[in-house]
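Open the model in your viewer and keep the selection panel at hand. The stops below go from one chain to the other.

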Amino acid sequence: MAGVTVTNLVKTYPSGNRRATDDISLDVADGEFLVLVGPSGCGKTTLLRMVAGLETPDGGTVTIGGRDVTRLPARERGLSMVFQSYAIFPHLKVRQNIGFGLTMQKVPKPEWNTRVERAAELLDLTDYLDRHPAQLSGGQRQRVAVARAIAVDADVLLMDEPLSNLDALLRLQFRAELKKIVARLGTTTLYVTHDQAEAMSLGDRVAVMRDGRIAQIGAPMDVYDRPGERFVGGFLGAPPMNFFTATVHQGSLVVDDQSVPAPASLASWNDKKILAGIRAENITITQGQAQEGVEAEVEVAEPTGSAILLTVRWAGGELKVQTGPGLRVAPGDRLRLELPAAALRFYDPETGLVLA
Amino acid sequence: MKLKVQLACAAITLFMGAPLYLITLAALSSRRSLNEFPLSLLPTSLSGETMSTFLQSTGILGGLLNSLTIGLSTVALSLLIGLPAGYAMARYAFKGRDPYQLALLLTRALPIVVLSVPLARIFLDTGLYDTTYGVTLLHTALALPTTILITSAIFLGVSREQEEAAMIFGASPLAAFARVVVPQALPGIAASAMFTFVLSWNEVLGASILTLNRRTLPAQVLATLADSPLAFRFAGGLALVVPALIFIAVARRYLLNMWGTTLR
């Protein structure tokens, strides 16, 4: 068991003129499940590959379990990995695939057998041990890749978008299973994905990355509820956070002729423009003749089964509103929306950074 | 339409097969039956006499041994040089990669005769003239372009991630290559090796120019062709054709594999 520490890691690919990872520092505690999430090209896979030893950083260090491994080849870092394309060996049977790491470590035969069988059992592969990968389905191949990674009992487990090649239903099933297995093993895990839902559901902590930097890192719900910058709020969550520009004026946010109460902490922004953000599920709809809240008109209503997703237009532009399935609305209906001050987040309109 | 295709297939097969059949028939018939008229097209008087006389005549057995030695050394040498080159072409983007690939093909644009005469001079100076080593070097140079291009295409078929996975799980780069890449590339490597062997076996011009006494089989047959009896020519022809046939029989599956066809 070991934690992973990354310090000031810099990498520029020869073909690119931009840094793939730009001075990243990161601490993963022993036994923690950390998810690196971000849009493609944000440097998350590069970061993972540098921890794995498959890519050499231009600067900075990687420490695993207190040991500086920056200059060590992958095989001496004591880690294991699940690849996006599975990367299981087609010329070996499932048994040999799962035991590959143990074979390389020259583990004696009886122990080799028990460990391979234990890993296979954990992933429901016992019946397939004597097949070749070509005779397995995509989901089973992914299980082989995971079984191979856990059979070696490595200190650190790396996963590079392991679920992205599975179909939607299988992905959902396997996601929960993966979380259960990793929790049971207690291995320090670094997990890369571009899927924000996957990141939220799996990680003890989530690191949202953008342009080679970590934009925000924290517990999934913390990051979700309190995005540190506009980008994070817009990336995490489905639908993403709503943003609108407003002017602070004497304790309220003014948008056109509409106004919303503003918290006292915004006093220093009086008569200045500000970017406000709110999650779709935090907006409440007030029907009837009530006068509080802001006016809006329904543009689209999308029932999703457990909820209804509304796209409404108001003075501040477009808003996504999530509401209970009981509500009956049609496009063109006029509503009043309440934007609770506690659920609003405020950002600098120029930098997009959260206001303290 | 279907009939026409069938006919065309039969015609092409006959065009290739009939001379082969006639050579085999003549080489395995008794010498007397060759002069009969009309010539029997069925194996009526089979005899190993022609073949055994052919094999016992001067230079033939030696030529056979030389050809085998040169063929096998060429395979070994061209794989030794060609596999790393093919691997580099498949895995790394390096400066001058495309010109290098083109230059490889250009070496085949030079006629062997043009290549052989200056080579003979150099070999005379260095003491390589009239040795199996000299011919091996020439044949390796001839075989390398195809070896490199074929093996690089095969290495491209093994994903880089598989090698990386092997290295993550404790393999050194060499072990990853030996345990993961080679087993998957083996059919292609075998096909390219057989291709090289047949190329060396059939190459006659360079081998004739670069040797005097240590002739390869085709060079020996060519040299003695003019003043040998008809039966010998057939026997020589058969001796030259058989390895190619064996090659095709063995390599057929791999070759189809190599070009990505699933035909069986």
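## Stop 1: two domains of chain B

Seven residues of domain 1 of chain B are in contact with seven residues of domain 2 of chain B. Contact here means that the C-beta atoms of two residues, placed from the backbone, lie within 7 Å. On the domain 1 side, α1 and α2 (31–34) of chain B are the elements that give two or more residues. α1(B) gives the most, with five residues. By class, this side of domain 1 has five nonpolar residues, one polar and one charged. Nonpolar covers Ala, Val, Leu, Ile, Met, Phe, Trp, Tyr, Cys and Pro; charged covers Asp, Glu, Lys and Arg; the others, Gly among them, are polar.

Select 1–47 of chain B for domain 1 and 56–258 for domain 2. Such bounds come from an automatic or database domain assignment. The two domain centres, taken over C-alpha atoms, are 31 Å apart.

A note on the model: it is predicted, so local features need pLDDT of at least 70 and side-chain atom pairs count only at pLDDT 80 or more, while totals for chains, interfaces and linings use all residues. Residues are numbered from 1 along each chain as its sequence is written, and chains are lettered from A and ligands numbered from 1 in the order in which they are written.

## Stop 2: helix α1 of chain B

Select residues 2–28 of chain B, which form helix α1. Helices (H or I, at least four residues) and strands (E, at least two) are DSSP runs, numbered from the N terminus. Does the end-to-end distance of this helix agree or disagree with its 27 residues? At 1.5 Å a residue they should span 39 Å, and the end C-alpha atoms are 37 Å apart, which agrees. The expected span is 1.5 Å times one less than the number of residues.

Now go to B:Gly17. A kink of about 35° lies there, shortly before the proline B:Pro19. The bend is the angle between axes fitted to the seven residues ending at a residue and the seven starting there. Further along α1(B), B:Leu25, B:Ala26 and B:Ala27 are buried. A buried residue has 20 or more other C-beta atoms within 10 Å of its own, an exposed one 12 or fewer, and a partly exposed one falls in between; C-beta atoms are placed from the backbone.

## Stop 3: where chain B touches chain A

Show both chains. The contact takes 14 residues from chain B and 18 residues from chain A. On the chain B side, α8 (160–168) and α9 (173–202) each supply at least two residues. α8(B) gives the most, with six residues.

## Stop 4: the cores

Select A:Val51, A:Ala147, A:Leu158 and A:Val208. Of the 95 residues in the largest nonpolar core, these touch the most other members. Such a core is a set of buried Ala, Val, Leu, Ile, Met, Phe, Trp, Tyr and Cys residues joined through C-beta atoms within 7 Å. The largest share of this core, 11 residues, comes from α9(B). Apart from this core lies another, of 27 residues, including A:Ala276 and A:Phe346.

## Stop 5: A:Glu299

Finish in chain A, at strand β16 (residues 294–303), where A:Glu299 is found. A:Glu299 counts as partly exposed because it has 14 C-beta neighbours inside 10 Å. Leaving aside neighbours within four places in sequence, A:Glu299 is in contact with A:Thr311, A:Val312, A:Arg313 and A:Pro331.
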